[in-house]
Number of protein chains: 2
Amino acid sequence: MARLDVLPVARSHEEPKTSRCSGCAVRDSALCASMSDTELTALRVIGRRRIVPAGQIVSWAGDASTFCANLVSGALKVTATLADGREQIVGLLFPGDFVGQLFTDETTLTVTAIVDTDLCGYPRAAFETLLGDYPRMERMLLRRTMASLNEARERMLSLGRKNAQERVAGFIFDLAARAGSRGADGLLHVSIPVSRGEMADYLGLTIETVSRQLTRLRTNEVIAFANGDRVCTIKNPEELSEIVNPD
Amino acid sequence: MARLDVLPVARSHEEPKTSRCSGCAVRDSALCASMSDTELTALRVIGRRRIVPAGQIVSWAGDASTFCANLVSGALKVTATLADGREQIVGLLFPGDFVGQLFTDETTLTVTAIVDTDLCGYPRAAFETLLGDYPRMERMLLRRTMASLNEARERMLSLGRKNAQERVAGFIFDLAARAGSRGADGLLHVSIPVSRGEMADYLGLTIETVSRQLTRLRTNEVIAFANGDRVCTIKNPEELSEIVNPD
DNA sequence: CGGAACGTTGAGCATAATCAACGACTGTGG
DNA sequence: CCACAGTCGTTGATTATGCTCAACGTTCCG
């Protein structure tokens with residue numbers, strides 16, 4: 001039962017620069033963006049920075065819901081599991097995202113670091129209280145939660161009605177839209193932040209099916225891989241778009 | 001493009017009793033529950049009751065997001081669709097539930113009445129403003145949105161990782177938990193509020209597969225049907241539970 | 001009475017899962 | 001330095017699950 005408060009915590013001798021909010025990488029993208037520098041003190045006094053190494057579980061389904069956090073750097077996966085071990089990734093979290101289940105005593109989802117991850121964590125009860133004191137932050141959280149709900153609903157469409165080809169192509173497509181960078185060759189390059197197994201758990205497929213669909217996209221010269229299996233080049237955006245959104 | 005404001009509206013000659021909030025069926029379960037009788041005036045002045053007949057579309061995906069509502073009686077389905085017509089029900093709404101997509105200019109989902117439905121509707125902009133003036137209502141909406149997100153994530157697990165048998169059994173099981181009533185025979189009876197086709201769209205299956213799985217549950221005497229295809233009796237709750245949550 | 005909507009059942013098929021083998025790469029210990 | 005195990009990804013053969021296409025029964029309503 002690894003829990004946030006008992007995780008190994010990397011800690012430098014003096015308070016690191018980045019723990020002073022004004023220099024924080026997500027000062028303007030996390031919920032803190034709703035707060036003025038002076039208001040931020042209230043958040044800072046209940047916050048504690050934590051580094052979670054890749055692969056480590058942040059919170060198990062069934063744990064008491066005692067913590068929440070802003071994600072500062074790295075990435076987390078949120079998974080739902082069945083008793084027999086079948087697993088579905090129901091969310092991926094990146095810098096600026098909010099982590100945790102509020103207004104509930106028991107968590108139902110497991111949160112795991114997929115790379116080394118830096119969190120700015122708060123006791124849930126204290127954070128909920130604060131939320132009542134800072135309406136702009138509560139509003140921002142409401143907007144984000146609604147956006148997450150819309151995303152979740154898009155994913156239900158994908159999981160319920162799309163075939164393997166469409167799901168895999170859609171995953172690449174979405175990644176490119178969110179985090180693609182244009183290379184010197186004028187083509188979009190995307191770093192895939194997860195393993196094949198995690199892609200499968202995200203898309204509701206098996207590793208083998210994901211692999212075969214990627215091979216198929218590669219064979220058809222829609223995509224190509226560079227620097228191993230984790231960097232993808234989009235060679236034919238029109239064709240990719242066609243596969244993602246068929247008539 | 002059916003829109004809330006151009007839908008046929010049933011209207012009695014004098015203001016009906018139930019439109020006075022104090023007598024409203026969902027006064028204590030909808031978002032209004034967060035308001036005192038006096039505060040409620042603010043909501044009432046922007047609200048308009050609307051009756052939507054079964055089968056009618058309340059809002060199309062792609063419409064401007066100009067309205068939201070509390071559901072007073074009846075039921076709605078929220079669907080996501082692909083260009084080629086494939087459809088997924090991403091949510092079912094019942095009395096007391098909130099309807100609409102806030103903080104966005106364009107809707108991405110279609111909302112349809114599955115039975116005659118009574119709504120208490122508001123202009124979105126006015127409602128959003130009100131939300132800022134009544135923190136308890138905003139907090140209640142935040143809690144509900146988070147609960148919806150958790151539900152959506154459970155459904156992602158179902159759509160991504162459960163087989164047809166588990167999905168159909170799970171649907172009956174969830175219905176029974178939410179709205180089952182114990183009959184004179186001591187058994188749980190559940191009214192199924194949707195057609196087979198809607199069940200299929202909800203579960204990410206085809207009509208035929210849903211029908212076959214129901215037949216299988218009936219053959220194994222786990223369930224039985226009474227009064228046609230829409231009322232279900234749970235004859236063997238242990239077995240049903242076993243199917244829903246296998247080891 | 002005829003037609004439409006809804007649900008069930010059957011036959012055949014396609015898609016993705018399963019089971020298995022193998023190559024590439026990485027870190028470890030002899 | 002190299003042998004080795006372990007992880008990750010790919011590919012092949014086979015199977016099973018759920019989809020497609022088709023027929024048919026029932027109910028309801030014009």
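## The surface near DNA strand D

The residues of the surface near DNA strand D comprise 3 nonpolar, 7 polar and 7 charged ones. The model described here is a predicted one. Around DNA strand D there are 17 residues, and those that come nearest are A:Ser211, A:Arg212, A:Thr215, B:Ala164 and B:Thr209. Of the atoms of DNA strand D that come within 4 Å of the protein, 63% are accounted for by sugar and phosphate.

In A:Ser211, a polar side-chain atom lies 2.8 Å from a phosphate oxygen of DNA strand D. The side chain of B:Thr206 has an N or O atom 3.1 Å from a phosphate oxygen of DNA strand D. A:Arg212, by contrast, is placed against a base: an N or O atom in its side chain is 2.9 Å from a base nitrogen of DNA strand D. Two elements give two or more residues to the surface near DNA strand D, namely helix H6 (207-219) of chain A and helix H6 (207-219) of chain B. H6(A) gives the most, with 5 residues.

## The surface near DNA strand C

DNA strand C has 17 residues around it, of which A:Ala164, A:Thr209, B:Ser211, B:Arg212 and B:Thr215 come nearest. The surface near DNA strand C divides into 3 nonpolar, 7 polar and 7 charged residues. Sugar or phosphate holds 63% of the atoms of DNA strand C within 4 Å of the protein, and the rest belong to bases.

A phosphate oxygen of DNA strand C lies 2.8 Å from an N or O atom in the side chain of B:Ser211. Another phosphate contact involves A:Thr206, with a polar side-chain atom 3.1 Å from a phosphate oxygen of DNA strand C. A:Arg212 has a polar side-chain atom 3.0 Å from a base oxygen of DNA strand C. H6 of chain A and H6 of chain B each supply at least two residues of the surface near DNA strand C, and the largest share, 5 residues, comes from H6(B).

## Helix packing in chain B

Two packed helices are described by the angle between their axes and the distance between the axes. In chain B, helix H4 (residues 164-179) and helix H5 (residues 196-203) pack at an angle of about 110°, and their axes are 11 Å apart. H4(B) is therefore roughly perpendicular to H5(B).

The crossing of H4(B) past H5(B) is right-handed. On the H4(B) side, B:Arg167, B:Val168 and B:Phe171 meet B:Met199, B:Tyr202 and B:Leu203 of H5(B). The residues of this contact are 5 nonpolar, no polar and 1 charged.

How values were computed
Residues are numbered from 1 along each chain as its sequence is written. Chains are lettered from A and ligands numbered from 1 in the order in which they are written. This is a predicted model: local features need pLDDT of at least 70, side-chain atom pairs count only at pLDDT 80 or more; totals for chains, interfaces and linings use all residues. Side-chain values use heavy atoms; hydrogens and water are left out. A residue is near a molecule or strand if one of its heavy atoms lies within 4 Å of it. A polar contact is a pair of N or O atoms within 3.5 Å; within protein, one must be able to donate a hydrogen and the other to accept it, and residues adjacent in sequence count only if both atoms are side-chain atoms. Helices (H or I, at least four residues) and strands (E, at least two) are DSSP runs, numbered from the N terminus. Ala, Val, Leu, Ile, Met, Phe, Trp, Tyr, Cys and Pro count as nonpolar, Asp, Glu, Lys and Arg as charged, and the others, Gly among them, as polar. Axes are lines fitted to C-alpha atoms, for helices over the stretch in contact, and angles run from 0 to 180 degrees between N-to-C directions. Angles under 35 degrees count as roughly parallel, over 145 as roughly antiparallel, 65 to 115 as roughly perpendicular and the rest as oblique. A crossing is left-handed if the near helix is turned anticlockwise from the far one by less than a right angle, and right-handed if clockwise. Contact means heavy atoms within 4.5 Å.
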